[in-house]
Amino acid sequence: MTQAQGTLGQNWRAARPPVAGVHVDSAACSRQSVAVINASAEHARHEAEVGGYVAAEAASPVLEAGRAAVRALAGMSDADVVFTTGSNNALDILLDDWAGERSLACLPGEFGPNLMIMARHGFEIRELPVDGFGRLDLDALGAFLASNPPALVHFTMLGSHSGVVQPVHDMVAACRGHGIPLIVDAAQGFGHLDCAGIGADAFYSSSRKWTAGPRGVGMLATRPGLLSEPTQQRIGHTEANVGLHVGLSVALGEYMAAGPEHVQARLREVGAATRTALAGARGWTVLERVEEPSAITTLRPPDGADPMAVRARLIAEHSVVTTYLGPERAPREMTHPALRVSPHVDVTDADLESLVEALAAATR
């Protein structure tokens with residue numbers, strides 16, 4: 001660990017309430033800072049003092065700063081940015097507004113709830129070609145797009161069920177070359193991987209994961225003119241929890257102040273350290289390569305071990321928070337349940353040692 005990264009982790013932890021145990025669940029929900037918590041609460045108090053609409057108008061500069069951070073991090077300087085209730089809400093907005101042919105290509109490892117949204121909107125789903133690791137097969141991609149081009153590509157740059165990083169920039173270039181609009185699902189990528197310069201037609205994410213904002217809010221960035229005027233008007237009149245939007249904007253400001261390149265570098269280091277620590281832990285198998293450039297580690301259980309029961313014991317008996325992954329999370333790719341470990345930049349060697357010990361004790 002470099003000195004700069006060590007300081008980053010220490011500052012990240014110091015900015016938050018003391019953790020009750022070991023939190024290695026950032027791919028589900030990161031821990032908010034005290035400043036983010038206070039910002040959301042202060043806005044609610046301001047609403048009570050002056051009225052909700054007056055308070056919302058007063059918060060406009062903070063909210064615009066949040067939108068500017070989204071544009072900068074997504075590499076979409078002229079994007080229209082709206083706050084949503086989360087990633088599913090963003091995808092629902094995009095597919096509901098789509099006026100073209102309802103055919104869509106995505107990875108076999110597509111997130112289960114996304115597949116349900118696609119089906120609800122009547123999209124025919126085609127699977128992009130992948131290699132044995134579930135990573136996009138660039139050698140086969142061109143022929144796939146040329147032979148039977150979909151009307152739209154939905155590309156998840158980092159899955160919910162796997163720490164395998166997808167080549168999103170290559171996907172963007174291929175779609176551009178074939179004139180196919182591209183939606184990027186960055187629910188796990190935003191704040192975790194370098195998203196600048198992607199250049200998608202639409203880009204969306206959640207607040208609660210790697211940018212450590214509040215739950216129940218997210219962001220959607222679209223190229224100008226992508227969304228129809230009726231949809232833009234409807235979004236503009238949707239009831240909103242402005243306090244959460246303020247909290248997200250503060251979280252994005254903290255992230256920018258920490259330095260996106262420093263956070264991303266530290267997360268790559270965290271992923272390698274986690275996979276190294278967990279290698280061979282009481283029969284569990286690490287599915288990602290040690291050098292995979294993400295902080296998500298997926299563990300396949302030993303014979304007879306139930307990941308759901310292990311997760312429950314980790315929480316109840318050891319105060320260690322992880323994620324259970326059922327096959328429904330990626331129903332076209334997952335065949336067995338697994339356990340996910342996803343520390344943030346403030347994880348320590350002692351945390352990882354505690355995790356390994358707790359996992360051994362909870363695996364019965």
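A cavity here is a set of grid points where a 1.4 Å probe fits but cannot get out. The model is a predicted one. By that rule, two cavities of 30 Å³ or more are counted.

The largest cavity has a lining of 13 residues, and L107, G109, G159, H161 and Q166 lie nearest its centre. Its lining is made up of four nonpolar, seven polar and two charged residues.

The second largest cavity holds about 110 Å³ of space. It is lined by 14 residues, with H23, S26, R31, H344 and D346 the closest to its centre. Two elements, α1 (3–14) and β1 (22–23), each give two or more residues to this lining. By type, the lining of the second largest cavity comprises five nonpolar, four polar and five charged residues.

| Cavity | Volume |
|---|---|
| Largest cavity | about 140 Å³ |
| Second largest cavity | about 110 Å³ |

The sheet comes next. Four strands make up an open sheet with antiparallel pairing, in the order β9-β10-β13-β12. At its edges stand β9 (285–286) and β12 (323–325); each has a single partner strand, so one side of each is left without a neighbour in the sheet. Strand β9 runs antiparallel to β10 (residues 297–300) and is joined to β10 by two bridges.

How values were computed:
Residues numbered from 1 in each chain as written. Predicted model: local features only at pLDDT ≥ 70, side-chain atom pairs only at ≥ 80, totals over all residues. Heavy atoms only, no water. 1 Å grid on protein atoms, 1.4 Å probe; cavity = no way out; pocket = protein on both sides within 12 Å on 5 of 7 lines; lining within 4 Å. Points joined across faces, edges and corners; volume = space filled by probe spheres on them. Nonpolar A, V, L, I, M, F, W, Y, C, P; charged D, E, K, R; others polar. Pairing = 2+ DSSP bridges.
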